[in-house]
Amino acid sequence: MEGRINIPVGDWIETAVDWILDNLEPGLDGIAWFLGLLTNSFEGALLAIPAWLLVLALVALSWWRVSWRFGLFAIVALGLILGMDLWEPTIKTLSLVLAATAVALAIGIPLGIAMARSDWVEASIRPVLDLMQTMPPFVYLIPAAIFFGLGTVPGAIATVVFCMPPVVRLTNLGIRQVNREQIEAGLAFGCNRRQLLTKIQLPLAMPSIMAGINQTIMLALSMVVIASMIGAGGLGNTVLTGIQRLDVGLGFEGGLGVVILAILLDRITQSVGQRRRASA
Amino acid sequence: MEPIIRVRELYKIFGPNPQEGLRLIEDGLDKDTIFERTGNTVGVKDCNLDIVEGEIFVVMGLSGSGKSTLVRLLNRLIEPTAGTVEVRGRDVTRMSQRELIRLRSEDLAMVFQSFALMPHKTVIDNAALGLEIAGVGRARRRERAQQALEQVGLKAYARSYPDELSGGMQQRVGLARALATDPAIMLMDEAFSALDPLIRTEMQDRLLELQREHRRTVVFISHDLDEAIRIGDRIAIMQGGEVVQVGTPKEIILAPANEYVRSFFHGVDITQVFQACDIMDSENIPVLAPDITVGEARGRIARGTGSEAVVIDAAGRFLSVVQAKRLGELTVDRPASEVAVEVEPVTEETPLADLPGRAARSPVSIPVVDAEGHFRGLVTLPRLVEALDRNRAAATAQGGQ
């Protein structure tokens with residue numbers, strides 16, 4: 001064996017990162033400014049509401065959309081968060097999740113629609129999505145930190161990248177799975193391309209798209225916790241502090257907060273996908 | 001009369017290179033050879049049709065015969081490879097997207113085999129879909145959708161969702177959706193094929209009823225022969241992408257174009273297709289005035305081929321039947337009407353199926369009259385037996401296969 005083959009993929013990536021850093025700085029600043037604004041607005045708004053009022057609203061939502069039992073669970077769970085004095089980090093995490101999800105949906109749903117409309121677009125986007133989903137989430141933290149420094153914004157950006165694939169995939173899938181005769185019905189009654197999308201394809205794909213949104217929110221939550229490693233703050237930070245201090249209790253409390261938030265977000269967003277009318 | 005839909009030399013070839021397929025068809029190659037050589041599938045081949053305003057035109061064939069492709073070529077849900085489709089004199093194949101959308105929303109409505117309703121919309125909003133797409137305001141389109149629902153008998157279900165209705169009711173919503181836009185032409189693609197036989201018959205009746213209220217041109221795709229005969233004014237039979245015969249059910253049964261068509265119609269119960277006017281004898285029956293004498297009547301019957309004559313009044317209305325053998329009971333100078341038998345005539349449209357019972361009870365041949373009572377002909381026993389025997393022979397041939 002004379003000399004191992006060494007393809008310098010790492011070097012190329014570094015070169016690319018340097019190039020982006022040198023040439024696209026205004027763009028990066030714009031993204032950072034926007035995401036920062038979005039996250040801070042969510043956080044500011046949610047913290048401005050008294051904790052008890054927000055708890056009441058969440059409980060009411062759980063009760064109305066899911067079931068009275070889930071409403072009771074929400075009371076106990078949110079009471080526990082308040083009792084553990086984790087309200088502020090929880091709200092910070094929630095704001096990050098909401099901001100990252102909003103951006104991911106704003107990019108992901110149109111992307112999914114574009115994929116559904118063109119086999120060519122689908123073929124080119126699909127490997128990118130595969131890459132985004134299989135890459136270990138920690139890897140996103142590095143370029144995010146390089147481009148945007150430490151703090152909330154790089155955390156949000158890494159989260160957007162990580163949580164976007166499900167909604168893209170499920171939007172694409174949902175539209176492609178619409179029954180052929182239903183598409184034909186739309187066309188036969190005189191739909192143009194835009195009407196076909198808004199009146200036939202999107203409504204019929206809605207259950208699938210809602211499942212995608214739900215998955216995106218859940219992924220955002222899991223990434224937000226990891227993103228605390230680059231200073232995104234929130235419940236992840238509580239967990240991280242627990243690890244650094246080897247404080248099992250603190251780590252567990254933070255973890256419990258994440259679980260509660262996950263359950264609430266999951267059940268409430270799932271219920272939005274279901275039709276509101278009674279099945280009777 | 002100018003046809004409302006005129007199809008000329010229409011071809012549809014699916015596959016990687018339709019133009020090449022077209023060339024091979026012109027060279028006289030058949031469907032299978034073309035597929036083997038080029039991978040192109042011939043969907044519709046050299047189709048020529050004239051569909052007349054107000055008729056129910058049934059396109060019939062087995063699956064894969066191209067009938068569903070053909071109906072989609074009419075509103076260009078499928079782009080034709082060659083040929084023209086004219087709707088009211090305008091060539092659909094050359095229309096711009098804008099013109100095409102206009103044609104679809106104003107003149108052509110479609111009903112689908114799988115109903116193709118929108119599960120997230122109520123029945124009334126489903127029925128209003130065509131109007132919604134056309135940009136009709138909410139109040140106006142609901143009003144028209146409600147009328148359409150009344151036409152199909154679903155008035156009470158306007159606020160339900162499709163999945164709360166049975167299959168037959170769902171297809172009535174599909175029908176209402178088509179009716180709501182008040183189209184000149186309805187394209188119905190296997191519209192009733194997914195329904196239970198009983199419901200299917202009910203839907204066929206409803207369609208016929210709707211046609212009686214307001215005649216539209218209906219192009220109905222079906223693989224069910226009984227359905228085709230029941231509702232079709234004319235039938236086109238498709239085989240391997242080609243229209244092999246077009247005609248009324250009777251014409252096709254009496255003169256099938258080829259063995260395929262013949263075998264298709266083998267099992268058909270022709271007693272439902274044929275009517276009194278198809279089997280009656282209208283040419284060799286002597287008609288007599290009420291005051292004719294026996295002697296004269298005998299002479300008239302003797303010159304004919306049968307043994308009966310018919311007595312009619314001055315306006316041509318049927319009165320009674322006279323048999324040659326009964327005339328012998330009287331002297332030649334008496335009026336023939338004294339031995340005439342007064343029987344209830346049947347109308348021309350009476351189905352063949354109703355005639356054997358009548359014949360069994362009647363001492364004479366069955367007289368046939370038109371709507372005003374004018375005499376049209378006689379159904380004699382030999383003619384009736386002959387017709388029924390043809391039906392039996394057909395059924396036996398079918399059973400023997």
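Entry 1: I began with strand S15 (residues 366–369) of chain B, which is joined to S16(B) by four bridges, the two running antiparallel. For my own reference, helices (H or I, at least four residues) and strands (E, at least two) are DSSP runs, numbered from the N terminus. Two strands pair if DSSP finds at least two bridges between them. Across the pair I found Val368(B) opposite Gly377(B) of S16(B). S15(B) and S16(B) make a hairpin with five residues between them, and Gly373(B) in the turn shows a positive phi of about 90°.

Why is S16(B) largely enclosed by the rest of the structure? I noted that four of the five residues of strand S16 (residues 375–379) of chain B are buried, so the strand is largely enclosed. Buried means that 20 or more other C-beta atoms lie within 10 Å of the residue's own, with 12 or fewer for exposed and partly exposed in between; C-beta atoms are placed from the backbone.

**Entry 2: a reminder about the model.** This is a predicted model, where local features need pLDDT of at least 70, side-chain atom pairs count only at pLDDT 80 or more, and totals for chains, interfaces and linings use all residues. Residues are numbered from 1 along each chain as its sequence is written, while chains are lettered from A and ligands numbered from 1 in the order in which they are written.

**Entry 3: a sheet in chain B.** Next I traced an open sheet of four strands, in the order S2-S1-S4-S5 (chain B), with antiparallel pairing. Which strands are at the edge? They are strand S2 (41–51) and strand S5 (90–91) of chain B, each pairing on one side only. Strand S4 (residues 82–87) of chain B pairs with S5(B) in the antiparallel sense over two bridges, and Val87(B) stands opposite Arg90(B) in S5(B).

Helix H1 (residues 18–26) of chain B packs on this sheet and touches strand S1 (5–14), S2 and S4 of chain B. The direction of H1 makes about 110° with that of S1(B). Helix H3 (residues 67–74) of chain B also packs on the sheet, touching S1, S2 and S4 of chain B, and its direction makes about 60° with that of S2(B). Axes are lines fitted to C-alpha atoms, for helices over the stretch in contact, and angles run from 0 to 180 degrees between N-to-C directions.

**Entry 4: chain A overall.** I counted 13 helices and zero strands in chain A. The C-alpha atoms of chain A fill a box of roughly 70 × 65 × 40 Å, taken along the principal axes. Of its 280 residues, 38% count as buried.

**Entry 5: two helices of chain A.** H10(A) and H11(A) pack at an angle of about 160°, with their axes 10 Å apart. That makes H10(A) roughly antiparallel to H11(A) (angles under 35 degrees count as roughly parallel, over 145 as roughly antiparallel, 65 to 115 as roughly perpendicular and the rest as oblique). Among the residues making this contact are Ile183(A) of H10(A) and Leu196(A) of H11(A).

**Entry 6: where the chains meet.** How many residues of chain A are in contact with chain B? I noted 15, meeting 15 residues of chain B; two residues are in contact if their C-beta atoms, placed from the backbone, lie within 7 Å. Helix H10 (180–188) and helix H11 (193–226) of chain A each supply at least two residues of the side that touches chain B. H10(A) gives the most, with six residues.
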